[in-house]
Amino acid sequence: MDGTVQDAINQIRCLPVSSDSAALVDQLRALEELKAAAAAAQARVAVAFDRAQRAEQAEAGIPAAEQGQGVAAQVALARGGRLLGLAKALMAEMPRTLAALDAGQLNEWRATLVVRETACLGAADRCAVDEELAADTGTFAGAGDRAVVAAARAAAYRRDPRSVTQRAAHAAGERCVSLRPAPDTMTRLTALLPVAEGVAAYAALSAHADTLRAGGDDRSRGQLMADALVERTTGTPGGVSGVEIQLVMTDRTLFQGDSEPARLPGYGIVPAGWARSLVSSGGKGGKAKSPGSAAGGREPALGGPESPGNRTPAAGACQPAAEALEPEPGEKDFRVWLRRLYTAPGAGDLVGMDSRARLFPAGLCRFIQARDDTCRTPYCDAPIRHHDHVVAWHRGGTTSLGNAAGLCEACNHTKENPGWKTTPRPGPRHTIEYRTPTGHTYHSTAPPPPGSLPAGHLVGAAQLVRV
């Protein structure tokens with residue numbers, strides 16, 4: 001790291017905190033301006049890095065159309081986020097917005113909003129909007145995010161209404177549904193829809209809730225709308241049936257009331273009690289049967305009859321098996337199956353199966369999904385879309401759990417660019433080393449599975465699958 005930058009970082013770390021209230025507010029403001037100035041400096045550095053990388057790639061004989069590939073990913077690894085596009089827009093087309101960021105009159109997020117709302121414009125029109133808004137003169141002083149968005153959007157429309165209209169028409173093709181974790185075992189199911197469809201869907205749910213409330217239903221309006229959304233989507237009143245959800249938990253949590261949290265892929269960590277209730281309480285699941293004589297009293301680990309190989313990964317561990325959990329009379333009729341995964345003594349690395357196949361078999365893909373949870377690239381927590389060879393197949397990489405990684409589509413394509421290298425490394429759990437074209441290295445370690453214990457313990461995990 002540059003010595004000047006390191007000295008500045010050390011000075012900030014040693015900054016004395018004032019004891020006077022007014023001085024503390026002044027310090028907060030000064031540090032906010034410092035953050036904004038640092039973001040502006042990062043934009044300039046990111047663009048300089050992009051130019052340097054393109055020059056090096058041109059010298060290496062890479063075709064012009066392919067130059068710049070992988071640069072945004074390297075910026076993301078260095079910064080922990082993909083912000084190269086923002087940097088280019090600020091440097092090339094929006095100098096006054098960049099100046100406002102440098103002066104602390106805009107923070108990085110609000111500069112991002114201005115750039116985002118003018119993305120449909122050509123370079124000349126974007127520069128004109130930048131002059132019109134003149135953010136470095138304090139145009140947005142005291143303005144909230146919505147006011148910033150409204151001003152940038154209105155200026156863009158005045159400059160080029162046709163492009164804004166075309167952008168709106170194109171946006172309909174970007175409609176999608178996404179799921180994000182929320183606190184307390186809740187999630188945010190979000191639909192990006194054209195405005196007419198979105199308003200119509202909301203109005204239908206709202207009218208349904210009003211009707212039930214008028215009929216004496218004691219649920220709140222929000223609860224009624226949420227329940228109706230689930231019921232109309234799944235086709236099952238009061239719950240979910242006919243789809244698969246995976247829940248990874250220890251056998252002790254499932255059968256012995258242990259407090260070790262579980263993990264729900266696509267969401268994250270959930271409390272032990274909540275995980276048990278998903279299958280055993282409130283009429284929403286089957287009662288878990290005892291594992292009986294499985295493993296002769298040893299804790300069952302998880303792996304399943306559908307997993308290829310069905311070999312015992314850890315010495316002394318029980319053979320993989322699956323067991324159905326049946327609902328009690330009167331409870332919802334869905335099936336719950338246990339698959340066994342094995343965790344190694346020590347840090348709790350999931351141990352699995354090898355295969356000579358070119359593509360990862362379905363069972364091994366499920367295992368990788370349970371181990372990695374989200375994309376394994378550092379700082380990227382996108383959903384897993386590809387089950388990838390860490391060392392590529394054409395370079396001698398094997399189709400095995402140790403040479404496997406769950407990646408999102410973008411990260412999988414990025415690592416195939418020239419100069420990138422990924423290698424499995426020894427670690428407490430499955431570890432991958434990423435080496436970028438500049439020689440920088442980053443490490444990704446698989447998240448700890450539920451029930452990871454100190455060395456000397458064999459940890460079992462039970463994966464509950466509702467089908």
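Contact denotes heavy atoms within 4.5 Å. The model is predicted, with local features requiring pLDDT of at least 70, side-chain atom pairs counting only at pLDDT 80 or more, and totals for chains, interfaces and linings using all residues. Residues are numbered from 1 along each chain as its sequence is written, and side-chain values use heavy atoms, leaving out hydrogens and water.

View 1. Phe140 touches Leu106, Val114, Leu133, Ala135, Val148 and Ala151, residues up to four places away in sequence not being counted. A nonpolar core is a set of buried Ala, Val, Leu, Ile, Met, Phe, Trp, Tyr and Cys residues joined through side-chain atoms within 4.5 Å, where buried means under 20% relative accessible area (1.4 Å probe, protein chains only). The largest such core has 33 residues, and Phe140, Leu90 and Leu101 are among those with the most contacts inside it. Helix H2 (21-59) supplies at least two residues of this core; its share, 6 residues, is the largest.

**View 2. Packing of H8 against H9.** The helices (DSSP runs of H or I, at least four residues) pack at about 115°, with axes 5 Å apart; axes are lines fitted to C-alpha atoms over the stretch in contact, and angles run from 0 to 180 degrees between N-to-C directions. Ala156, Tyr157, Arg158 and Arg159 of H8 meet Pro161, Val164 and Thr165 of H9.

**View 3. The open sheet E13-E14-E15.** Three strands (DSSP runs of E, at least two residues) form this antiparallel sheet, pairing being defined by at least two DSSP bridges between two strands. E13 (421-425) and E15 (441-445) are the edge strands. E14 (residues 431-435) is joined to E15 by 5 bridges, and Thr431 has Thr445 as its bridge partner.

Technical notes. Buried < 20%, exposed > 50% of the residue type's maximum accessible area, 1.4 Å probe, protein only.
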